[in-house]
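Please look at the sequence and the model before reading on.

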Number of protein chains: 2
Amino acid sequence: MTLLTPELRDLISSGPLAHLTTINADGSPQVSVIWIGLDGDDVVSGHMARNVKVRNVERDPRVVLSFDAPRVPGAFLAEYAVLRATATVTPGGAWDLLNNLTKVYTSPDAEFPGPKGDGFILRYSIDRVGGVGPWAAH
Amino acid sequence: MTLLTPELRDLISSGPLAHLTTINADGSPQVSVIWIGLDGDDVVSGHMARNVKVRNVERDPRVVLSFDAPRVPGAFLAEYAVLRATATVTPGGAWDLLNNLTKVYTSPDAEFPGPKGDGFILRYSIDRVGGVGPWAAH
């Protein structure tokens, strides 16, 4: 059973800025704001370098992805999603994924401007969905 | 010296949804999306109950607050702020703060609909500011 409802898939596909929380070696929280996409029932992100968030996931796969839905003026509770997930790191494929996401996050005919390379894919298996909106189980 | 530049103060005062990351007892990340305001050079938030994020801060004061700036269509890098902070919990004052923030986050003449009570204030002393935007030191 997937936790990704059609409404949540639509929100992810619309290109929300995703706040990725990982855990540093000293136990403190680390937050990076990233682009995300869907691959089947998983969420994925691409990273050209083995940076701190990638190394953190290799040490501790427990992460959170959270992102806002579009704001509705005057609404008392703004909608957002909080996804608890287990992340895995796979080498390769990052540039192609980032190039695809550039079309969502920047403009339909834009190309990812970074140099081509392999990089790393982070794949998020969703364990729980929370937040405010039709995707949140309460 | 404050890390809160005028641009960052303006962004906070505009009512961004703030993603508050704390650390659970088992070392995993916990993310709540909250309202925030300014009090001098600190960021503050109000909570009517001693919920999991308040208890997490009592155990480990290392937190991150992250929030999006308004999106600019076609911009390659969307602006956002990531604030590493040390949080403290103070009893009382939550309803009044939340009532003030309701005017920012909902509408200027709205009242906080929750029952009056003391609650807790979380106060964030900012240790480092990152992200993309004029507030980010790189």
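## Basis

This is a predicted model, in which local features need pLDDT of at least 70 and side-chain atom pairs count only at pLDDT 80 or more, while totals for chains, interfaces and linings use all residues. Residues are numbered from 1 along each chain as its sequence is written, and chains are lettered from A and ligands numbered from 1 in the order in which they are written.

Helices (H or I, at least four residues) and strands (E, at least two) are DSSP runs, numbered from the N terminus.

## The sheet of chain B

In chain B, 7 strands make an open sheet with antiparallel pairing, in the order β2-β1-β5-β6-β7-β4-β3. Two strands pair if DSSP finds at least two bridges between them. Strands β2 and β3 (37–39) of chain B are the edges, each pairing on one side only. From one strand to the next, the twist averages 35°. Axes are lines fitted to C-alpha atoms, for helices over the stretch in contact, and angles run from 0 to 180 degrees between N-to-C directions.

Strands β4 (residues 42–47) and β7 (residues 120–132) of chain B are joined by 5 bridges in the antiparallel sense; B:Val43 has B:Tyr124 in β7(B) as its bridge partner. Helix α2 (residues 52–59) of chain B packs on the sheet, touching β1, β2, β4, β5, β6 and β7 of chain B, and its direction makes about 50° with that of β1(B). Helix α3 (residues 94–105) of chain B also packs on the sheet; it touches β3, β4 and β7 of chain B, at about 105° to the direction of β4(B). Residues are in contact if their C-beta atoms, placed from the backbone, lie within 7 Å.

## Strand β5 of chain A

Of the 7 residues in strand β5 (residues 62–68) of chain A, 6 are buried. A residue is buried if 20 or more other C-beta atoms lie within 10 Å of its own, exposed if 12 or fewer, and partly exposed in between, with C-beta atoms placed from the backbone.

β5(A) pairs antiparallel with strand β1 (residues 18–23) of chain A over 3 bridges, and A:Thr21 stands opposite A:Val64 in β5(A).

## Helix α1 of chain A

Helix α1 (residues 6–13) of chain A has A:Leu8, A:Leu11 and A:Ile12 buried. They lie on the same side of α1(A), because they cover an arc of only 95° around the axis; the arc is that of the directions from the helix axis to the C-beta atoms. The cover over the buried residues of α1(A) includes β3 (37–39), β4 (42–47), β6 and β7 (120–132) of chain A.

On the face turned away from the buried side of α1(A) are the exposed residues A:Pro6 and A:Ser13. A:Gly15, with a positive phi near 85°, follows α1(A).

## Contact of the two chains

The same surface serves both copies, as 100% of the contact residues of chain B recur in chain A.

Chain B gives 22 residues to the contact and chain A gives 22 residues. On the side of chain B that touches chain A, β5(B) gives the most, with 5 residues. The residues of this side of chain B divide into 11 nonpolar, 9 polar and 2 charged. Ala, Val, Leu, Ile, Met, Phe, Trp, Tyr, Cys and Pro count as nonpolar, Asp, Glu, Lys and Arg as charged, and the others, Gly among them, as polar.

Key: Two residues are in contact if their C-beta atoms, placed from the backbone, lie within 7 Å.
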